[in-house]
Amino acid sequence: MLKVNNISKSFGGRTVIEDISGEFDKGKTNLIIGSSGTGKSVLLKCIVGLITPDEGNVYYDLRNFTDADKEMKAEIRREIGMLFQGGALFDSKNVEQNVMFPLEILAKMSPDEKLDRVNFCLKRVGLENVNKKMPSEISGGMKKRVGIARAIVNNPNYLFCDEPNSGLDPQTSIVIDDLIGEITHEFDITTIVVTHDMNSVMGIGEKIMFLFKGRKLWEGSSADITHSNVTELDDFVFSNKVMQGLRKRT
Amino acid sequence: MKGFGQYILFLGSTVVRMESFKTNYRLVLEECVQIGLKSVALVALVSSFMGAVTTVQTAYNMVSPLIPRYVISQVVREMTILELAPTIIAVIFAGKVGSSMAGGLGTMRITEQIDALEVMGINSASYLVFPKIIASLLMYPMLVVVAGASSLIAGYLVGNITGIITPTDYIYGIRFYFDDYSITFAMIKSFVFAFLISSISSFKGYYTQGGALEVGIATTAAVTTSVIAVLSADYLLAQLLYVR
């Protein structure tokens, strides 16, 4: 389980997130949702330690990550897998080398074991026979899959996904969402997905945190989201024509 | 001053929480190929022209018949070893290698590749920058040796072909009152310049924020700052090391 306590962060006097607390459950796909510029990515970066919060703490299974020393932070980070918005694949390495990279650095395995693990992860995300392709030679959807394979190759306890559907067509988005959901359950990991895609929210959101102007306004499940009685959340959820149609019908 | 303080902290961060010796060894070798081997042809070409031009210009300016012809190659030797090889090649090195370092790191920063390293628990500054600095320290002095040799050989060929100076006079001038401290001095300069160019360029690239435009700005800043630092260090080293 992952817990955040009273997280606040400002940049140049402008508060981006304020006093956010919450828990993200193990074995569930936890979503942080909200419109663009509400601080979702900043909160995620505070959680993974890419940004140090001005106030508050992040706990990884009761281990205080925010106040931990560098060694402890490095140890916790070795339990983290992250899928970045653009995939963040290393341009100079091919698909196989990208996925193998965390193993090269962190794992004590023989070269054959590493290759087996890489092939297993690539197969798990539906990619085969692309091992030697460079990131510039594969599509956006494939980059995301490679990113997921790299994120899970080291058997992480925590998986973070920053806008996994950005730049993808609706069909590929669903495939990526399903993959994230399946991996979460299969490996029983704590997954946090930052998104503003309502298809993702309804498709894989098991626990959802809604942010508005840097503050947490609502928390619940995808079943509750359509009748939350929070105006800002309703505006966000029903900004989509499909969702508007759904509301009219109900 | 804030930028200088950040630069010092950045240098410190490249030598903490380092990866294993094996990983660094492999990365340094890869960087040596990028930084050193791929620059040899350019360095040799530029140096050859420098040597040829220096020979012709020196001969053109030596109008007195009382000055022996071998002085031409003596002047070419001193200029090449003390200034042209280490300093002018440093400017070329900053333009080719420094810009590549800043551009590469800047692109890695804006495409979140550096964040990906950090999330994996890797000290990105150490992983990405330390091998570049070490490879530069290893390869730049070698490039200076290549530059010096290319320049002197080109001077010899041009002097010979155009009839400015005979091969015997040229070789005599090269050897005449040769002080091997010049080589030591050139090597000291090489190490200092290599460190300045690689560290400043990496610093500028590593802290890029924004998009493609900012990567371009960082690359330009890397080259201009490195060149200014090299020329300032050149003066300081001349003042400190050549007063004997």
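Visitor: Which strand of chain A do four bridges join to β6(A), and do the two run parallel or antiparallel?

Guide: This is a predicted model, and the description that follows should be read accordingly. The strand in question is β7 of chain A, residues 158-162, which is joined to β6(A) by four bridges, and the two run parallel.

Domain 1 of chain A comprises 2-79 + 156-249, and domain 2 comprises 91-155. The C-alpha centres of the two domains lie 25 Å apart. Contact between them involves 11 residues of domain 1 of chain A and 10 residues of domain 2 of chain A. On the domain 1 side, helix α6 (residues 170-187) of chain A gives the most, with five residues. By class, that side of domain 1 has eight nonpolar, two polar and one charged residues.

Chain A also holds an open sheet of four strands, in the order β2-β1-β4-β5, with antiparallel pairing. Its edges are β2 and β5 (63-64) of chain A; each has a single partner strand, so one side of each is left without a neighbour in the sheet. Within this sheet, β1 (residues 2-11) and β2 (residues 14-24) of chain A run antiparallel and are joined by seven bridges. Phe11(A) stands opposite Arg14(A) of β2(A). The hairpin that these strands form has two residues between them, and Gly12(A) there takes a positive phi near 55 degrees.

Strand β1(A) is also joined to β4 (residues 55-60) of chain A, by five bridges and in the antiparallel sense. Here Lys3(A) has Tyr59(A) of β4(A) as its bridge partner. Two bridges then pair β4(A) with β5(A), again antiparallel, and Tyr60(A) has Arg63(A) in β5(A) as its bridge partner. Helix α1 (residues 40-48) of chain A packs on this sheet, where it touches β1, β2 and β4 of chain A, and its direction makes about 120 degrees with that of β1(A).

Beyond chain A, 12 residues of chain B are in contact with 15 residues of chain A. The chain B side of this contact has four nonpolar, three polar and five charged residues. Chain B includes helix α9, residues 212-241, whose 30 residues should span 44 Å at 1.5 Å a residue; the end C-alpha atoms are 42 Å apart, which agrees. Among the buried residues of α9(B) are Val215(B), Ala218(B), Ala222(B), Thr225(B) and Val230(B). The cover over the buried residues of this helix includes α4 (70-110) and α8 (181-206) of chain B.

Definitions and conventions: Residues are numbered from 1 along each chain as its sequence is written. Chains are lettered from A and ligands numbered from 1 in the order in which they are written. This is a predicted model: local features need pLDDT of at least 70, side-chain atom pairs count only at pLDDT 80 or more; totals for chains, interfaces and linings use all residues. Two residues are in contact if their C-beta atoms, placed from the backbone, lie within 7 Å. Ala, Val, Leu, Ile, Met, Phe, Trp, Tyr, Cys and Pro count as nonpolar, Asp, Glu, Lys and Arg as charged, and the others, Gly among them, as polar. Two strands pair if DSSP finds at least two bridges between them. Domain bounds come from an automatic or database domain assignment. The expected span of a helix is 1.5 Å times one less than its number of residues. A residue is buried if 20 or more other C-beta atoms lie within 10 Å of its own, exposed if 12 or fewer, and partly exposed in between; C-beta atoms are placed from the backbone. Axes are lines fitted to C-alpha atoms, for helices over the stretch in contact, and angles run from 0 to 180 degrees between N-to-C directions.
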